[in-house]
Every structure is written in structure tokens, then in C-alpha cells.
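Subject: Structure handover

Dear colleague,

Please find the structure we spoke about below. My notes on it follow, and I would be glad if you read them alongside the coordinates.

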Amino acid sequence: MKNTSKNNSNRIIIFDTSLRDGEQSPGASMTVEEKVKLAKQLKKLGVDVIEAGFPVATDGDFEAVNQIATHVKDVTICALARCFPQDIIAAGNALHNAESKRIHVFIATSEIHMKHKLDMSKEQVIASIETSVKAAKRYTDDVEFSAEDATRSDTKFLIEVYAKAIAAGATTINIPDTVGYSTPNEYAELVKTIKKEVTGIEKVTISVHCHNDLGLATANSLAAIQQGAGQIECTVNGIGERSGNCALEEVVMGLKTRHDQFNHYCTINTRELVKTSRMVSEITGMGVQPNKAIVGQNAFAHEAGIHQHGVIKHRQTYEIMNAEDVGFEGNQLIIGKHSGHHAIKQWLEQHHIEMSSVEIASLSKKVKKIADENKRVNDQDIYDCIKQNTVQTIENSQQVIPQNDNVNPLEFEREVFMSNARW
Ligand code: KIV
Ligand code: ZN
């Protein structure tokens with residue numbers, strides 16, 4: 001069992017909330033069986049905490065948390081609860097069989113939420129935090145407290161709120177940017193202030209929970225690490241309410257790839273990232289955009305000839321991570337209208353086809369023409385070009401002269417130049 005209690009090492013706790021906040025994505029609801037299947041994969045991925053659901057919300061959610069607590073071991077299982085007795089009882093009961101359990105209690109602390117949503121005074125909010133954290137402690141020592149809408153809350157009040165939660169027994173205090181309003185500098189500053197001003201903060205883990213309304217969830221989470229946050233809450237593929245949550249794969253690879261900047265690590269098995277992403281996508285029916293960082297289909301694909309040439313010669317010219325490290329089989333050179341002879345040459349090698357450089361040049365032109373018309377060139381298109389003998393071979397030539405009316409001589413010259421005078 002990984003240690004999720006406060007420690008002073010540089011290890012970041014990865015708290016996955018795909019099954020709770022992620023499921024709050026419109027249309028992403030999952031069955032109990034699907035949740036158990038995903039929880040098993042999250043365990044394999046190596047997350048430290050799985051937020052399995054909000055047991056008081058529905059019978060299905062209760063059952064999912066209960067099943068995950070029963071069948072998924074060696075990882076902390078967490079259940080969400082508002083500051084209401086019935087929520088805490090439901091969370092405690094659903095987690096009964098967990099090997100390691102956490103109850104996550106939350107209440108809003110911003111003026112706008114307290115006035116318009118809760119209809120509670122500051123004093124009432126403070127009192128309910130104290131009662132609720134203490135009630136959760138009856139089920140487990142591991143209690144997390146979240147001040148919902150923390151980034152729009154009055155900082156002085158927030159300091160008081162967190163101090164009260166810690167005094168009542170919270171072991172993790174979470175700082176949600178509930179509506180994705182914060183910016184990296186501002187969020188980092190808030191974490192810094194909380195770390196400096198809250199009584200008892202040295203005993204607990206500071207957690208960050210960022211939504212992506214301005215596309216800043218990953219940047220905000222990573223900025224917070226530099227100010228002492230020890231836990232990141234995130235979801236696979238960044239699924240979640242509205243524009244979603246901080247994407248797990250992004251923060252994890254950010255920490256790993258830019259260790260020089262963040263100087264912290266986590267124990268995620270990054271080779272499971274793509275598999276987990278595909279499972280989430282399949283279960284929720286929410287596709288991953290091709291250009292999605294880390295797990296998108298194009299994340300390690302190169303189409304431009306200049307890039308392909310660079311990558312073939314030395315991968316790091318255009319790659320900051322290895323495709324294999326996140327679970328892809330390898331990078332991809334896409335044969336398209338921007339690709340050059342090098343990519344065709346590699347395709348031929350992979351398909352064990354030998355051709356002279358003159359033939360390759362001619363084939364490349366044909367393929368580009370198809371790409372121009374069809375956008376995507378697949379293996380069959382290339383085979384067809386070769387088979388139909390549409391490739392023109394110019395023998396004994398030191399230089400290839402364009403034979404096709406559609407070939408622009410200037411563009412051809414540029415091609416020859418870019419291909420580094422291969423003839
Ligand atoms: O975004 C949020 O504020 C939440 C809390 C319940 C932590 O999801
Ligand atoms: Zn949230």
C-alpha cells in the first residue's frame with residue numbers, strides 16, 4: 001500500500017477523480033461494472049487515491065463505491081460527502097470493506113456560494129466543517145476537507161476555514177478552483193499563503209483541484225507544486241464538469257518531462273496511460289481529440305517532411321517524450337501532403353519493399369497528389385501506386401526531372417533542396 005499520509009519527500013500523491021468528478025461530465029455516466037473495471041485499471045496505472053463516487057447521491061453510486069472498496073485493494077479508496085450527516089454516514093458505509101479508506105468532505109466558502117447556494121453565514125459554515133470532519137473521523141483517520149470555490153473565497157476566511165478543518169482532524173486540505181477561474185501565478189500565490197498562514201498546515205497534505213474552464217487546469221496544478229502542494233486531483237483525459245478537470249496524463253508527464261522545473265515525482269506507471277485513456281473513452285463514449293496532449297492519436301505523429309527528416313535522424317529534434325513511455329507502440333510518420341521522401345523511404349523499409357531513390361522520388365509525388373485530393377493516405381493507397389505501375393522510373397539519372405504536368409518545377413526544386421541532395 002502506498003503511503004498517502006503527509007510526508008516531506010518530493011513525492012506527489014496522484015488522486016484520481018475520474019469516477020466522481022469525471023463522471024459529472026455531461027453524458028459520461030458509468031455503470032457499476034464499468035466503474036469497477038476502470039478502478040482496476042487505475043490501480044494498475046498506479047494512482048494513489050481513487051475517488052470512487054458520491055455515495056449519498058444515488059443507489060448506483062453507493063453500490064459502485066462499495067464494490068470498488070470490496071474488490072480493489074492496495075490503493076486508497078475515497079468517497080465524497082457534503083457537510084451533512086447523511087452524506088458522511090453513506091460514505092462511511094460504502095467504504096466499509098476498503099483496505100485503506102478516505103472520506104472527502106466539502107462545503108463552499110465563497111461569498112457567492114454561501115449567499116446564493118447554501119444560504120449560510122460564515123459562522124454556520126465554520127461550525128458545520130468542524131462537526132463534519134469530526135464525524136468523518138469516526139470512520140477513518142484519513143479525512144480530506146475541500147473548501148469549494150476556494151479561489152473565489154476571501155483569503156482571510158479561507159485561512160480560518162482550513163485551520164478549523166485541521167483542528168477537527170483533516171489530514172488533507174484541498175484548494176479547489178471549482179470554476180476554473182484562477183491563473184498560474186495567482187493560484188501558486190494562494191497555495192503559498194495557505195502554507196504560510198494556516199495553523200497546523202505542516203501536519204497535513206495540501207491538495208490542488210483545478211477545473212479547466214480557461215484551459216489552465218494543468219498549468220495551475222503544476223504551478224501549485226512549486227509552492228508546496230503535495231497532492232494533485234485529476235481525471236483521465238481531463239474529463240469532468242463543463243470543460244473538465246486537470247488531465248492526469250498531462251500533470252504526470254509534466255512532472256516527469258520537466259523534472260528540472262518541478263523537482264517532484266509521482267509513482268504512476270506511465271506506460272499504462274494510453275490504455276487507461278482508451279478505456280475511459282470507450283466507457284464514457286467521449287472520444288479523445290487527435291491533438292490531445294500525451295494520449296491523442298497525433299501526439300507522437302509527424303507529417304511535415306522537415307520534421308520527419310529530423311525525427312528519423314534524431315528523435316529528440318521534434319520529440320520531448322518517447323511515445324513508448326506513455327504506452328504507444330512508437331511514434332508515427334504520417335504519409336501526407338506535407339511529408340517528404342524520408343517518410344516514404346521508411347514506409348518502404350517497414351514493408352520490405354526495395355526501390356531506387358529515383359523510384360522513391362516519383363512514388364512520393366504520386367502519394368502527395370493523392371494526399372492533396374483525399375487528405376488521408378493509407379497503406380493501400382501506397383500499395384496501389386506501386387502496383388499500378390504509376391511510379392515513373394527514370395533510369396541513369398543524376399537529377400529527377402518532373403514528368404508530371406501537375407508538378408510545379410519550383411516546388412520540385414525546393415523538394416530536391418529540402419531532401420538534402422539525395423540524388
Ligand atoms: O470542483 C470542486 O470544487 C469539487 C469539490 C467537490 C472538491 O469537485
Ligand atoms: Zn471539481
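**Ligand 1 and its shell**

The residues of the shell around ligand 1 comprise two nonpolar, six polar and three charged ones, where Ala, Val, Leu, Ile, Met, Phe, Trp, Tyr, Cys and Pro count as nonpolar, Asp, Glu, Lys and Arg as charged, and the others, Gly among them, as polar. This is a predicted model, in which local features need pLDDT of at least 70 and side-chain atom pairs count only at pLDDT 80 or more, while totals for chains, interfaces and linings use all residues. Residues are numbered from 1 along each chain as its sequence is written, chains are lettered from A and ligands numbered from 1 in the order in which they are written, and side-chain values use heavy atoms, with hydrogens and water left out.

The residues that surround ligand 1, including Arg20, His104, Ser146 and Asn174, are those with a heavy atom within 4 Å of it. Strand S4 (101-108), strand S5 (143-148) and strand S6 (172-177) each contribute at least two residues to this shell, strands being DSSP runs of E with at least two residues and helices runs of H or I with at least four, numbered from the N terminus. As for polar contacts (pairs of N or O atoms within 3.5 Å; within protein, one must be able to donate a hydrogen and the other to accept it, and residues adjacent in sequence count only if both atoms are side-chain atoms), a polar side-chain atom of Arg20 lies 3.0 Å from an oxygen atom of ligand 1, and one of Asp21 lies 3.1 Å from an oxygen atom of ligand 1. His211 likewise places a polar side-chain atom 3.0 Å from an oxygen atom of ligand 1. Ligand 1 taken alone exposes 260 Å², of which the protein buries 95%, by the Shrake-Rupley method with a 1.4 Å probe; for residues, only the protein chains shown count as cover.

**The zinc ion**

Asp21 (OD), His209 (NE2) and His211 (NE2) coordinate the zinc ion (ligand 2) at 2.0 to 2.1 Å, and along the chain these donors follow the spacing D-x187-H-x1-H. Donors are N, O and S atoms within 2.8 Å of the metal (3.2 Å for Na, K and Ca), and the site may look incomplete because water is not among the atoms. His209 counts as buried at 5% relative accessibility, and His211 does so at 4%; buried means under 20% relative accessible area, exposed over 50%, and partly exposed in between (1.4 Å probe, protein chains only).

Best regards
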